[in-house]
Amino acid sequence: MTGSIRLRGVSLSYPRTTDILRDLSVDVAPGEFTFLVGRSGAGKSTLLRLLAMAVLPTRGTVDIAGFSSATIRPRELPALRRRLGIVFQDYRLLTDRSVFANVAFALEVTGAAHATIAPTVERMLERVGLADKATALPQELSGGEQQRVAVARALVNAPAIVLADEPTGNLDDKATQMVFRLLRELSDAGTTVLMATHDVPLIERAGLRFIHLEQGRVVRDGTDVLALRADMRGGSLP
């Protein structure tokens, strides 16, 4: 299914290093909202890069959006990326282009029909509450507004799966809630969302599933935030 994520026995290592990810087996169902939590260096960003197939596993298999790491060919990567929306903590906006142009760029590079681009971007900016900022440059926006532009850019292609890498890490609580609400609404409409975060209070308020990584391993998968807090205080690995 195009909205599903499945990892089986996945490990990733580089030459002369220990495993960065170790023996991960995880399933995320289509339309599910799941948090990916862990300390800095736990492997969250690396796992998201693996899901986007920016890197391939050393061992095991990643199946995502109808593609498999065991069989995917380089020429198929653009088709996979069109099914994914990726949101970065540091926004990665084009500073010399307007808000409208930043969102439109995601459609242009995937070959969308020219006549459809402007109305699609306008609808998306309306959805994220930035219709009045269409002509602004990124540096003229607040951090929360820049992140909403990044979310709009990730969503404008109607992806089956959204991978969000610490999208609220640099935001205040109000902006955090706004970005989370956008992603939650997307999930409620049927899109799979995997959101990396270190924000345990956000996870607690949401009451949703989380996958806890430590040292590249899954140490907890569930909704028990009290157990997660204990893990984060004391460490779950021997």
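**A proline in a loop**

Modeller: Pro57 has 17% relative accessibility and therefore counts as buried (buried means under 20% relative accessible area, exposed over 50%, partly exposed in between, with a 1.4 Å probe and protein chains only). This is a predicted model, in which local features need pLDDT of at least 70 and side-chain atom pairs count only at pLDDT 80 or more, while totals for chains, interfaces and linings use all residues. Residues are numbered from 1 along each chain as its sequence is written, and side-chain values use heavy atoms, with hydrogens and water left out.

Biologist: Where is the place of Pro57?

Modeller: Pro57 lies in the loop between helix H1 (44-51) and strand E4 (59-64), where helices (H or I, at least four residues) and strands (E, at least two) are DSSP runs numbered from the N terminus.

Biologist: And what does Pro57 touch?

Modeller: Leaving aside residues up to four places away in sequence, Pro57 touches Val10, Ser11, Leu12, Leu50, Val62 and Ser69, with contact meaning heavy atoms within 4.5 Å. Pro57 and Leu47 are ten residues apart in sequence, and their C-alpha atoms are 9.7 Å apart in space.

Biologist: Switching to the helices, how many of the 13 residues of H5 are buried?

Modeller: Twelve of the 13 are buried, so H5 is largely enclosed by the rest of the structure. Among the buried residues are Glu145, Arg148 and Arg153.

Biologist: Which elements do the buried residues of H5 pack against?

Modeller: They pack against strand E6 (84-88), helix H3 (99-108), helix H4 (114-127), strand E7 (161-165) and H6.

Biologist: How do H5 and H6 cross?

Modeller: The axes of H5 (residues 143-155) and H6 (residues 173-188) come within 9 Å and cross at roughly 15°; axes are lines fitted to C-alpha atoms, for helices over the stretch in contact, and angles run from 0 to 180 degrees between N-to-C directions. H5 and H6 are therefore roughly parallel to each other (angles under 35 degrees count as roughly parallel, over 145 as roughly antiparallel, 65 to 115 as roughly perpendicular and the rest as oblique).

Biologist: Which residues of H5 and H6 meet?

Modeller: Gly144, Gln147, Arg148, Val151 and Leu155 in H5 meet Ala175, Met178, Val179, Leu182 and Leu186 in H6.

Biologist: What about H3 and H4, at what angle do their axes cross?

Modeller: Those axes come within 9 Å and cross at roughly 125°, and H3 and H4 are therefore oblique to each other. Their contact includes Val99, Phe100 and Val103 of H3 and Ile117, Ala118 and Thr120 of H4.
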